[in-house]
Amino acid sequence: MNERTLKKLEFHKIKEMLKAHAVTESGKERVEALLPSSDYEEVVKLQQETAEALAMSVKKGKAPLGSTKEIRTALKRVEIGAILSSGELLNIASILRTSRRLKSYYKEDVEEVKSPALEGYFESLAVYPDVEREITRCIVAVDEIADDASPELAQIRKQIKAANGKIRETLHSIIYSSKYQDMLQEAVVTMRQDRYCVPVKVEYKNAFKGIVHDQSSTGSTVFMEPVAVVELNNNLKGLHMKEVDEIEKILTNLTNLVADVAPFILMNYENITALDVIFAKAEFALKIDAREPKLNNKGYINLKKARHPLLNQNEVVPIDVYVGDQFTTLLITGPNTGGKTVTLKTLGVFTLMAQAGMQIPAGEGSMINVFDDVFADLGDEQSIEQSLSTFSAHMTNLVRILNDMTLNSLILLDEVGSGTDPIEGAALAMSILEHLRKQQIRTVATTHYSELKLYAVSTEGVENASCEFDVESLRPTYKLLIGVPGKSNAFAISMKLGLPEHLIEDAKQFLHKENVKMEDILVELEYSKRMSEIEKEKAEGFRKEAERLKDEIQKERKKLEKSKQKIMERANEKANVLLKEVQKQADDMLKEVRQAARQAQVVIDEKGLHDAKKQLTEGTTKMQGKLQKAVGRKVGHKKVSKNIQPGEKVMVTTLMQPGVILEAPDSSGKVLVQVGILPVKVKLTDLQRIDEEAVSQSVKKDKPKTNSGVSHRISKTMNIKTDVDVRGLMVDEALPIVDKYLDDAYLSGLKQVTIIHGKGTGALRQAVTQMLKRHPHVASHRPGLYGEGEMGVTVVEIK
């Protein structure tokens, strides 16, 4: 990015705001050097990092970044074998402590917080708690080593303390002795050249036994070390030298510990700095209520409710501005101080912020393109020193832009073509804009020229926009209206300010009629264009809605086909179950006959038994036919005519299920039939009326009898009880019995039955209730009333 544009768009002020949220010194330095990137993949990564840091800050709280200082110099000294000072070691311990805390912060498990983009920074942090602990144990503060840093240091400092006590005791006896009362200037002990001394009057210098170390400024006092403490001071001096040597050993040991892991500590430092900048961007986004922009590399910009970050967020009027999709050039007109330049700066600074990894203070869904560069020609750049007029300054800047731009550049031009003759300026501006349009370079420009408004209306790829102005209050509203050219308000404003009306009328006479009507025509043209676009959008919306409804209808049709198939399969399964049950009953009856004969010691006529079995087999075969016809065949059914009425019972032969007519046949010969819980449209030819009396008589005629005259019922459904008792059974045992009973009750024509399940834990009652809700033969069900069994039974209404 070129420095001129960064300065014009005040990107340095944005960085100052961001810098305030950085914690470390290195992080602040990196923010100062921050520049937007023009690499699409890198910008995507930067935005993802900021978004993840923001999510972590909201869910986990602020990252535990300490106020660490620069350590690169210290680590370079370690490489050449130097011994680190206590302050440098404390800085390294601070880096290690911050690394450890950040590692724990990252590993803290919080639901819905994913950070793949930040994972590398956190995972690369090396934790060395032993090194950190040893440094903080040995070093209390800068230039202050703990007494227990080593046993030797502890012993030396103990000796120093004892020596100091002995010296002070000796000096105390001297200054308060009557022998030296007149010699001493005052009864105090002082330090001179690291030696304990007392103030002696100069006239007693030779009488007082000791060594002179200093003299007062007036010369009346000399500071002398008494002979009695010379040896003690010498011993103390020696102890201090030992202390220094021991401290140097401790610092050497600590430096060696650091040297073993120096490359990893440096990596930690770099990662902490990077994380500091990333989390600073997240905190900055929270402060200015920013959102992550949608990035693209197709040249699209679409800002929704955009607010310039350097303006007061409580007063700034949000704007919607877009360019690059349907048009590549946006021409903004309107009065001065109406917000045109702010719009340009908002577009530019948002692009710079997004490409530097910062979120933008705009609405959700705002879109930013990643440009190679941003060029801005803003403000008056006239220079007395360089003898440049306003026009010359603008032209110099435009020449530079045209030379340096690429096809993927964003060009921002304020008052293009101004500063010279209006006619020539407008023509020159039009030429420049046309050059940029032909190359499809994204351009946003402001102007006062009516010729450019007409150019925007008549040129494909160029769109008008205006900053709204309230003539009544003579104040701009700062709202940007795209698709509407700005109308000149000079006459209206002048009249509002009190200019005599006759002067305004005289001014109008100087304008050609064509010029007077120009702006009105432009507004009407733009309005018509806008209305056609709105109608086009509505038509597109209707088309999409029609397609959506078509898809829904197709989906519903597929669901209906699947339901039909399932109903047919269920009917076939039920028929097979019933047929198998009948066959089993026939076999059981033969066994009962043989057993009864044996118990009565009756000699069975094998031929008679064979005949009986034959009759049972024939009866079974007939029953199979009846059962098949009962689920949709011809016995007991009559063909349906077109005059069938709603409410009549019919058999849907294609589904082998009974149903009730809901609506009379339509013109295509289809009838709406309620089959179970589903209303289904079927062909009239696939329906048959149900003749219940014919079905009953047909079944009665074909009841098989044995030769012994003992009658057995082939189907329990012809003589079934009105209740079924499943008390004491498990759910898995009871449900098949209830299901079979309901089928039998339905075929027998019972309208109400009772299921006896008992109260117990309620599990069986609940399971039965759930089954009844979805059973095809059940119309309704309820718990028993008082006298019926209450909660121990369920009364079922059969369809």
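Five aromatic pairs are found in this predicted model. Rings of Phe, Tyr and Trp (its six-membered ring) pair if their centres lie within 6.5 Å; planes under 30 degrees apart count as stacked, over 60 as edge-to-face and the rest as tilted. The ring centres of Tyr105 and Phe279 are 6.3 Å apart and the planes stand at 70 degrees, so this pair is edge-to-face. Tyr105 belongs to helix H6 (residues 86-107) and Phe279 to helix H11 (residues 262-287), 174 residues apart; helices are DSSP runs (H or I) of at least four residues, numbered from the N terminus. Both Tyr105 and Phe279 are buried, that is, under 20% relative accessible area (1.4 Å probe, protein chains only).

Tyr105 also has a charge over its ring: Lys60 lies over the face, at 5.5 Å from the ring centre. This label requires NZ of Lys or CZ of Arg within 6 Å of the ring centre and within 35 degrees of the ring normal. Arg192 lies over the face of Phe223 in turn, at 4.0 Å from the ring centre.

The largest nonpolar core has 49 residues. Such a core is a set of buried Ala, Val, Leu, Ile, Met, Phe, Trp, Tyr and Cys residues joined through side-chain atoms within 4.5 Å. Helix H12 (residues 340-355) gives the largest share of this core, seven residues. Apart from this core lies another, of 45 residues, among them Ala63 and Leu125.

Residues are numbered from 1 along each chain as its sequence is written. Local features need pLDDT of at least 70, side-chain atom pairs count only at pLDDT 80 or more, totals for chains, interfaces and linings use all residues, and side-chain values use heavy atoms, with hydrogens and water left out.

Technical notes. Helix = DSSP H or I, 4+ residues; strand = E, 2+ residues; numbered from the N terminus. Buried < 20%, exposed > 50% of the residue type's maximum accessible area, 1.4 Å probe, protein only.
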